[in-house]
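Keep the sequence and the model in view as you read.

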Amino acid sequence: MSGGAADDFLARLREAAEAPASLHYSLARLEVRTEVESTNAEAAALAAAGAPHATLVVADRQTQGRGRLGRVWESPAGLGVWASWVLRPSLPAAEAPRLGLLASVAAAEAIRGWAGAAVTLKWPN
């Protein structure tokens, strides 16, 4: 998702964030930001403060995004939607890494259906 499609999608998310919680579908909390240092850092701070399972942090731009092993993660405005989840699953820790793959594919399918936008996934570097 890039350019106008990303902007349109973020606008729709901002509207959804302002809607009654019952309209967030299965989201417990939705935080939509124009710019953050890192959606992961925002989600971690929310989790530490007690944010519930299924809290989603979405941003148009990350200024200090990071990938695996501390590598730089480029996240320019208008070229994508950058997101991190607070999840509190009840499953063995050894199975937790699967959640990233499952959640990413599910999110891409939901965005395609909801926004009608072409979606690609970029795995952390």
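**Salt bridges, sheet and surface**

The structure holds 5 salt bridges. A salt bridge here is a side-chain nitrogen of Lys or Arg within 4 Å of a carboxyl oxygen of Asp or Glu. The model is a predicted one, where local features need pLDDT of at least 70, side-chain atom pairs count only at pLDDT 80 or more, and totals for chains, interfaces and linings use all residues. Residues are numbered from 1 along each chain as its sequence is written, and side-chain values use heavy atoms, with hydrogens and water left out.

How far can the predictor be trusted? The term pLDDT is the predictor's confidence in each residue, from 0 to 100. The protein chain has a mean pLDDT of 80. In that chain, 81% of the residues reach 70 or more. Among its elements, helix H1 (residues 4-18) has the lowest mean pLDDT, 67. Helix H2 (residues 39-48) has the highest, 95.

Now the overall layout. The protein chain has 3 helices and 3 strands. Along the sequence they follow the pattern α-β-α-β-β-α. Helices (H or I, at least four residues) and strands (E, at least two) are DSSP runs, numbered from the N terminus. Of the 125 residues in the protein chain, 30% are buried. Buried means under 20% relative accessible area, exposed means over 50%, and partly exposed lies in between (1.4 Å probe, protein chains only).

Turn to the sheet. It is open, has 3 strands in the order E1-E2-E3, and its pairing is mixed. The edges are strand E1 (29-36) and strand E3 (82-86), each pairing on one side only. Neighbouring strands are turned by 20° against each other on average, direction ignored. Such angles run from 0 to 180 degrees between N-to-C directions, and the axes are lines fitted to C-alpha atoms, for helices over the stretch in contact.

Two strands count as paired if DSSP finds at least two bridges between them. E1 and strand E2 (residues 55-62) pair in the parallel sense over 7 bridges. Val-36 stands opposite Gln-62 in E2. E2 and E3 run antiparallel and are joined by 5 bridges. There, Leu-56 stands opposite Trp-85 in E3.

Which residues of E3 lie on its covered face, and which on its uncovered one? Trp-82, Ser-84 and Val-86 are on the covered face. Ala-83 and Trp-85 are on the uncovered face. In a regular strand the side chains alternate between the two faces of the sheet.

The C-alpha atoms of Thr-39 and Ala-83 are separated by 5.8 Å, although the residues are 44 apart along the chain. Thr-39 is in helix H2. Thr-39 counts as buried because its relative accessibility is 2%.

The loop between H2 and E2 holds Ala-54. Most residues other than glycine have a negative phi. Ala-54 has a positive phi of about 75° although it is not a glycine. At 9% relative accessibility, Ala-54 counts as buried.

Back to the charges. Side chains of opposite charge can pair when their charged atoms come close. Arg-29, Glu-31, Arg-33 and Glu-42 are linked in a network of salt bridges. Glu-31 meets Arg-29 at 2.8 Å, N to O. Glu-31 also meets Arg-33 at 2.8 Å, N to O. Is Glu-31 buried or exposed? Glu-31 counts as buried, because its relative accessibility is 17%. Arg-29 is partly exposed at 32%, and Arg-33 is partly exposed at 23%.

Another salt bridge joins Glu-109 and Arg-112, with the closest N and O atoms 2.6 Å apart. The two are 3 residues apart in helix H3, so about one helical turn separates them. Glu-109 is partly exposed, with a relative accessible area of 48%. Arg-112 is partly exposed at 35%.

Leu-101, Val-105, Leu-121 and Trp-123 make a nonpolar surface patch of about 370 Å². Patches are made of residues with over 30% relative accessible area and no salt bridge; like charges are joined within 9 Å, nonpolar side chains (Val, Leu, Ile, Met, Phe, Trp, Tyr) within 5 Å. Accessible areas come from the Shrake-Rupley method with a 1.4 Å probe, and for residues only the protein chains shown count as cover. Val-105 is found in helix H3 (residues 97-115). Val-105 is partly exposed, with a relative accessible area of 38%.
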